[in-house]
Amino acid sequence: MTSNYLLVGSILVISAILMSKIGPKVGIPSLMIFLIAGMIFGTDGLGIQFDSIKDAQFIGMVALSVILFTGGMDTQIKEIKPVIKQGIMLSTVGVALTTLITGSFVYLFRGPLELQEPCTFAFCLLLAATMSSTDSASVFSILRDQKMGLKHRAQPLLELESGSNDPMAYMLTIMLIQICSSPDASVGRLILNFVIQFTVGSLMGYLMAEGTKYLQKKINLKNATLYPIIMLCVVFLTFSLTELLHGNGYLAVYIAGIIVGNSKIPQKRECQKFLDGMTWLLQITMFITLGLLVNPHELLDIALIAIAVSVFLILIGRPVAVFLSLLPFKEPNSINARTLISWVGLRGATPIIFATYPIAANIPGASHIFNIVFFVTLTSLIVQGTTIPWISKRLEMTENLPDTKSSFGVELPEDADSTLSDMEVTAELLKNGNRIKDIRLSNSDALVVMIKRDKKHLVPKGNSELQVGDKLLLLAKNKDEEKKEEKKAKPEENLES
């Protein structure tokens with residue numbers, strides 16, 4: 001019955017979220033907890049039966065579309081602009097190199113690794129291709145949950161790479177599936193399909209983003225809660241139309257997200273909050289689903305192969321691909337930065353989703369690929385995911401981030417020409433008197449619009465007395481607006497003189 005599905009699904013999600021509270025205490029990424037939760041409730045655990053590859057692929061497709069679009073919206077062009085060439089190189093050439101290097105290792109050592117038939121070079125490359133991209137959900141989650149700041153622009157580069165390298169891994173996986181299915185397939189045709197997917201995906205991403213911006217500005221809905229729903233439908237529309245035109249849907253939604261996220265549109269903040277919530281729900285659902293799909297006892301049969309592949313990928317495959325890809329660039333010029341970028345090559349749900357495609361295509365030995373990729377993902381999340389803070393400190397790549405969280409929970413509209421900021425009252429600030437009219441703020445044009453003392457919120461007046469430890473909410477003109485006004489005032493001053 002449908003009600004039973006809802007009952008089981010709700011229990012699974014709530015249980016996984018409660019389990020995720022353990023993660024930060026022991027240094028395990030929350031997303032890995034969701035994966036483990038699925039395994040606990042699965043066939044070898046509490047006995048929930050789930051073996052539908054098609055359903056898992058559909059859930060993965062929906063989740064990845066929203067994750068990539070939301071990741072694109074959160075990507076600020078001004079932050080990634082200095083490293084955009086490096087990011088594109090890592091997400092294309094880096095993925096191809098990872099596939100070639102790791103696939104070659106598996107093929108050369110197929111005997112000692114006791115890799116079962118078929119073990120052709122194309123099959124080994126297919127295995128490597130499914131896990132050649134870093135997982136955007138895992139990278140975004142760990143970097144942002146840990147509130148880590150990384151030097152040498154490593155953080156925007158990592159986020160750009162993880163958000164944009166799924167399309168390349170997807171295209172390589174599909175191409176290698178075609179080669180394994182039809183060894184006589186035309187290389188020229190495969191390359192043409194590859195170019196078409198990339199071109200159509202990029203073009204559709206741009207066109208759908210521009211169409212979305214126009215629609216959001218012109219539709220003028222009275223009910224503001226409908227804007228995020230339109231945005232969500234646009235994500236699925238972008239992916240579906242691009243796939244129908246034989247383009248890469250994942251590339252399209254990521255490009256559309258970047259363009260929309262860096263544009264001024266009505267109810268943009270509400271759309272972002274809604275999509276953030278949807279992203280978490282879909283991530284949890286996707287990881288639990290993949291945990292249910294695997295049979296843990298089967299992982300024991302491929303443990304030796306998977307451990308060898310994991311060690312090679314983490315210590316050789318990924319680092320070599322990163323260093324070669326960044327060789328033409330001066331930035332990041334630090335060896336420590338490039339080493340950290342190599343280490344933050346987290347695998348997650350995306351490689352597992354891609355590993356279901358060979359099964360759906362009836363490639364011989366495809367279940368072997370799925371189990372190896374699942375094992376490698378677990379290893380990556382455990383080894384790399386739990387050590388990122390420690391590694392970044394050892395490499396002296398960590399920097400303190402300013403606390404941008406407001407104590408008041410007040411936000412201005414996106415098109416406002418003013419900004420809100422918090423400030424804590426110190427003894428130094430009160431040296432000229434403890435009333436608001438006595439204090440000297442660094443920005444003379446700023447206004448105190450609210451006072452927070454303990455859990456009370458007070459309305460400020462000129463004679464309001466302040467205490468050390470009070471929080472002030474300040475309203476000031478946006479710096480960009482100030483510059484515009486200064487530019488307008490200069491010609492007038494010249495005329496007067």
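## Contacts and the overall chain

Two residues are in contact here when heavy atoms of theirs lie within 4.5 Å. By that criterion, and leaving out residues up to four places away in sequence, Ser-310 touches Val-376 and Thr-379. Ser-310 is found in helix H16, and it counts as buried because its relative accessibility is 2%, where buried means under 20%.

The model described in this report is a predicted one. Its chain holds 21 helices and six strands, and of its 497 residues 48% count as buried.

## The nonpolar cores

In soluble globular proteins, nonpolar side chains tend to be buried together. The largest nonpolar core of this model has 116 residues, and those with the most contacts inside it are Phe-69, Met-286 and Phe-374. If residues up to four places away in sequence are not counted, Phe-69 touches Met-231, Val-235, Val-253, Ala-256, Gly-257, Val-260 and Leu-275. Another core lies apart from the largest one and has 13 residues, among them Val-425, Val-448, Ile-451 and Ala-476.

Leu-275, one of the residues that Phe-69 touches, is found in helix H14, which covers residues 268-293. Leu-275 is buried, with a relative accessible area of 0%. Once its neighbours within four places in sequence are set aside, Leu-275 is in contact with Val-66, Phe-69, Thr-70, Met-73, Met-231 and Leu-232. The C-alpha atoms of Leu-275 and Ile-67 are separated by 8.5 Å, although these two residues are 208 residues apart along the chain.

## Helix packing

Two packed helices are described by the angle between their axes and the distance between the axes. Helix H18, formed by residues 349-360, packs with helix H19, formed by residues 366-383, at an angle of about 175 degrees, and their axes are 8 Å apart. Angles over 145 degrees count as roughly antiparallel, so H18 is roughly antiparallel to H19. On the H18 side the contact is made by Pro-351, Ile-352, Ala-355, Thr-356, Pro-358 and Ile-359, while H19 contributes Ala-366, Ser-367, Ile-369, Phe-370, Val-373, Phe-374 and Thr-377. Sorted by class, this contact of H18 with H19 has 10 nonpolar, three polar and no charged residues. Phe-374, which takes part in the contact from H19, is also one of the residues with the most contacts inside the largest nonpolar core.

Helix H7, made of residues 121-130, is mostly covered, as nine of its 10 residues are buried. The buried residues of H7 include Phe-123, Cys-124, Leu-125, Leu-126 and Leu-127, as well as Thr-130. The partners against which the buried residues of H7 pack are helix H6 (84-108), H10, H18 and H19.

## Aromatic pairs

A search of the whole structure finds 10 aromatic pairs. One of them is formed by Tyr-170 and Tyr-250, whose rings are edge-to-face, with 5.3 Å from centre to centre and 80 degrees between the planes. Tyr-170 lies in helix H10 (residues 166-181) and Tyr-250 in helix H13 (residues 249-261), so the pair ties together parts that are 80 residues apart in sequence. Both Tyr-170 and Tyr-250 are buried, and together with Phe-239, Phe-354 and Tyr-357 they form one aromatic cluster.

## Backbone details in the loops

Most residues other than glycine have a negative phi, and most peptide bonds are trans. In this model, however, a cis peptide bond joins Glu-331 and Pro-332, with omega at about -10 degrees. Pro-332 is found in the loop between helix H16 (303-325) and helix H17 (335-343).

Positive phi values are found at His-246, where phi is near 65 degrees, and at Glu-396, where phi is near 55 degrees. His-246 has its place in the loop between helix H12 (226-244) and H13, and it counts as exposed because its relative accessibility is 59%, where exposed means over 50%. Glu-396 lies in the loop between helix H20 (388-394) and strand E2 (398-399), and with a relative accessible area of 61% Glu-396 is exposed as well.

Technical notes:
Residues are numbered from 1 along each chain as its sequence is written. This is a predicted model: local features need pLDDT of at least 70, side-chain atom pairs count only at pLDDT 80 or more; totals for chains, interfaces and linings use all residues. Side-chain values use heavy atoms; hydrogens and water are left out. A nonpolar core is a set of buried Ala, Val, Leu, Ile, Met, Phe, Trp, Tyr and Cys residues joined through side-chain atoms within 4.5 Å. Buried means under 20% relative accessible area, exposed over 50%, partly exposed in between (1.4 Å probe, protein chains only). Axes are lines fitted to C-alpha atoms, for helices over the stretch in contact, and angles run from 0 to 180 degrees between N-to-C directions. Helices (H or I, at least four residues) and strands (E, at least two) are DSSP runs, numbered from the N terminus. Angles under 35 degrees count as roughly parallel, over 145 as roughly antiparallel, 65 to 115 as roughly perpendicular and the rest as oblique. Ala, Val, Leu, Ile, Met, Phe, Trp, Tyr, Cys and Pro count as nonpolar, Asp, Glu, Lys and Arg as charged, and the others, Gly among them, as polar. Rings of Phe, Tyr and Trp (its six-membered ring) pair if their centres lie within 6.5 Å; planes under 30 degrees apart count as stacked, over 60 as edge-to-face and the rest as tilted.
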